[in-house]
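Hi,

Here's the structure I promised to pass along. Have a look, and my notes on the helix packing and the charged pairs follow below.

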Amino acid sequence: MRKEIARVENVTFAYPESEKPALDEVSFSIYEGEWLAIVGHNGSGKSTLARLLNGLLMPSKGTVTIAGMELAEETIWEIRKKVGMVFQNPDNQFVGTTVKDDVAFGLENNGVPRDEMIKRVDWAAKQVKMDAFLDQEPHHLSGGQKQRVAIAGVLAVRPEIMILDEATSMLDPIGREDVMDTVRLLNSDGAVTVLSITHDLEEASKADRIIVMNKGRKLKEGKPELIFSAGEELTRIGLDLPFPFKLSQELRNAGIPLQTNHLTEQGLVDELWTLQQRD
């Protein structure tokens, strides 16, 4: 039985300047060790959800529970120790003059002793392959390197959940894949539970489970294969299906006997190779 690490229950949230709620009666759970992706077009409510889970916003109605603690004014700081967030633009997270200072920032705020801080900074930097850059100034780094440093800063605090809020959207394809490979490895090693907020369905296809948001409500929830089986419904709300999935559909429509619509390029290539060998 999977252990529930967080729960959003009947949550509604409305911004003061908006006539309609950004979130309307949303409920779901996050389980320890999983990778959960929340997808949706701009304005669907997915980033509002991220901020509620980290206590940056408080629900208008309903409850948010993290590690058994209900989000409230008196629990907010303990909850923020449990949930780390990596934002879209890594430059917005840099506060130190060197990579080492930046990774240590959250530890200093939490009053971690210096000896323990040094160990955690070294460990976190090694996890994201940035240990050779600890004495460099952040502005000398590439976009992908900056995002890895931002991830290291979150990891050093040892949260139970890491939220990636459109964390790869400003990176080039190589930088994006580099960052996602790093997070996937940390997740598969059991270092952290991951919640990915994204509009990129190709990125979401690698998650264990996907929640689709539309106009502030939960539209669908399930494994990637189930979610993408409703392809037309996803495109109708402004989401673009992963390229390997669309290509698989086109090839099957053209009469190539593929067994499935693939979520990864490698899976599609492997089946095409198998078909060719049979011929």
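By contact I mean heavy atoms within 4.5 Å. Keep in mind that this is a predicted model.

On that basis, Lys100, Val103, Ala104, Leu107 and Glu108 of helix 3 touch Met117, Arg120, Val121 and Ala124 of helix 4. Sorted by type, the residues of this contact come out as 6 nonpolar, no polar and 3 charged. Helix 3 (residues 99-109) and helix 4 (residues 114-127) pack at about 125°, with axes 10 Å apart, so helix 3 is oblique to helix 4. Their crossing is right-handed.

One of those contact residues, Arg120, also has a salt bridge to Glu116, with the closest N and O atoms 3.1 Å apart. The two sit 4 residues apart in helix 4, which means about one helical turn between them. Arg120 is buried at 15% relative accessible area, while Glu116 is partly exposed at 28%.

Now the salt bridges overall: the whole structure has 18.

- Arg209 and Glu34 pair at 2.6 Å, N to O. They are 175 residues apart in the chain, with Arg209 in strand 9 and Glu34 in the loop between strand 2 and strand 3. Arg209 is buried at 10% relative accessibility, and so is Glu34 at 5%.
- Arg51 and Asp165 also come to 2.6 Å between their closest N and O atoms. This pair joins helix 1 to strand 7, 114 residues apart. Arg51 is partly exposed at 26%, whereas Asp165 is buried at 4%.

Arg209 and Glu34 also belong to a salt-bridge network with Arg2, Lys218 and Glu221.

Cheers

How values were computed:
Residues are numbered from 1 along each chain as its sequence is written. This is a predicted model: local features need pLDDT of at least 70, side-chain atom pairs count only at pLDDT 80 or more; totals for chains, interfaces and linings use all residues. Side-chain values use heavy atoms; hydrogens and water are left out. Axes are lines fitted to C-alpha atoms, for helices over the stretch in contact, and angles run from 0 to 180 degrees between N-to-C directions. Angles under 35 degrees count as roughly parallel, over 145 as roughly antiparallel, 65 to 115 as roughly perpendicular and the rest as oblique. A crossing is left-handed if the near helix is turned anticlockwise from the far one by less than a right angle, and right-handed if clockwise. Ala, Val, Leu, Ile, Met, Phe, Trp, Tyr, Cys and Pro count as nonpolar, Asp, Glu, Lys and Arg as charged, and the others, Gly among them, as polar. A salt bridge is a side-chain nitrogen of Lys or Arg within 4 Å of a carboxyl oxygen of Asp or Glu. Buried means under 20% relative accessible area, exposed over 50%, partly exposed in between (1.4 Å probe, protein chains only).
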